[in-house]
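Please consult the sequence and the coordinates shown here while reading.

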Amino acid sequence: MWALAQPGTARVAMAELQQLRVQEAVDSMVKSLERENIWKMQGLMFRCSAACCEESQASMQQVHQCIERCHAPLAQAQALVTSELEKFQDRLARCTMYCNDKAKDSIDAGSKELHVKRQLETCVTKCVDDHMNLIPTMTRKMKESLSSIGK
């Protein structure tokens with residue numbers, strides 16, 4: 001993601017710090033989604049699946065289909081979270097690639113390396129800040145979608 005960072009430089013620390021900020025925020029969001037939505041859905045899925053197995057008149061195929069129906073909401077929820085996180089990650093990667101391209105263009109145009117490094121740091125920090133600001137809205141949207149799954 002941070003293509004211009006060179007090992008042993010301050011930019012590596014800056015890039016890692018920015019990456020850590022995003023990772024911690026996303027991890028916190030995912031844990032919140034798990035606690036408030038996913039775990040409840042897992043409990044419902046297991047109880048539903050157990051009930052399928054207690055149907056004494058059902059064939060093995062009917063039991064299997066019943067269990068698949070029980071698993072569907074959780075699979076849908078997991079797919080939703082995965083998709084949203086991938087979109088978020090792609091957007092952030094595109095933003096940082098723009099910063100890298102801009103920095104490369106500046107170096108090609110003859111700008112001083114220190115100036116380009118600062119420009120890159122500023123640009124990447126802005127990308128991270130902008131995307132950190134998207135997390136609350138993304139979280140709310142996912143929670144709304146998750147609460148409507150299986151109803």
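## Basis of the model

The model is predicted, so local features need pLDDT of at least 70 and side-chain atom pairs count only at pLDDT 80 or more, while totals for chains, interfaces and linings use all residues. Residues are numbered from 1 along each chain as its sequence is written, and side-chain values use heavy atoms, with hydrogens and water left out.

## Disulfide inventory

A disulfide is a covalent bond between the sulfur atoms of two cysteines. With the criterion of a pair of cysteine sulfur atoms within 2.5 Å, the structure holds four disulfides.

## Links between helices H1 and H2

Helices here are DSSP runs of H or I with at least four residues, numbered from the N terminus. The sulfur atoms of Cys48 and Cys70 are 1.9 Å apart and form a disulfide. Because Cys48 belongs to helix H1 (residues 10-53) and Cys70 to helix H2 (residues 60-108), this pair ties together parts that are 22 residues apart in sequence. The torsion about the S-S bond of Cys48 and Cys70 is about -65 degrees, and the disulfide is therefore left-handed.

Relative accessible area is classed as buried (under 20%), exposed (over 50%) or partly exposed (in between), using a 1.4 Å probe and protein chains only. Cys48 is partly exposed at 32%, and Cys70 is buried at 6%. A disulfide also joins Cys52 to Cys66, with an S to S distance of 1.9 Å. Cys52 in helix H1 and Cys66 in helix H2 are 14 residues apart, and the pair links distant parts of the chain. The link of Cys52 and Cys66 is left-handed, with -70 degrees about the S-S bond, and both cysteines are buried.

## Link between helices H2 and H3

Cys95 and Cys127 are joined by a disulfide with an S to S distance of 1.9 Å. Cys95 lies in helix H2 and Cys127 in helix H3 (residues 113-148), so the pair ties together parts that are 32 residues apart in sequence. A torsion of about -85 degrees about the S-S bond of Cys95 and Cys127 makes this disulfide left-handed. Cys127 has a relative accessible area of 1% and is buried.

Which cysteine sulfur is nearest to that of Cys53, which is in no disulfide? The nearest is that of Cys52, 6.5 Å away. With a relative accessible area of 54%, Cys53 is exposed.

How values were computed: Helices (H or I, at least four residues) and strands (E, at least two) are DSSP runs, numbered from the N terminus.
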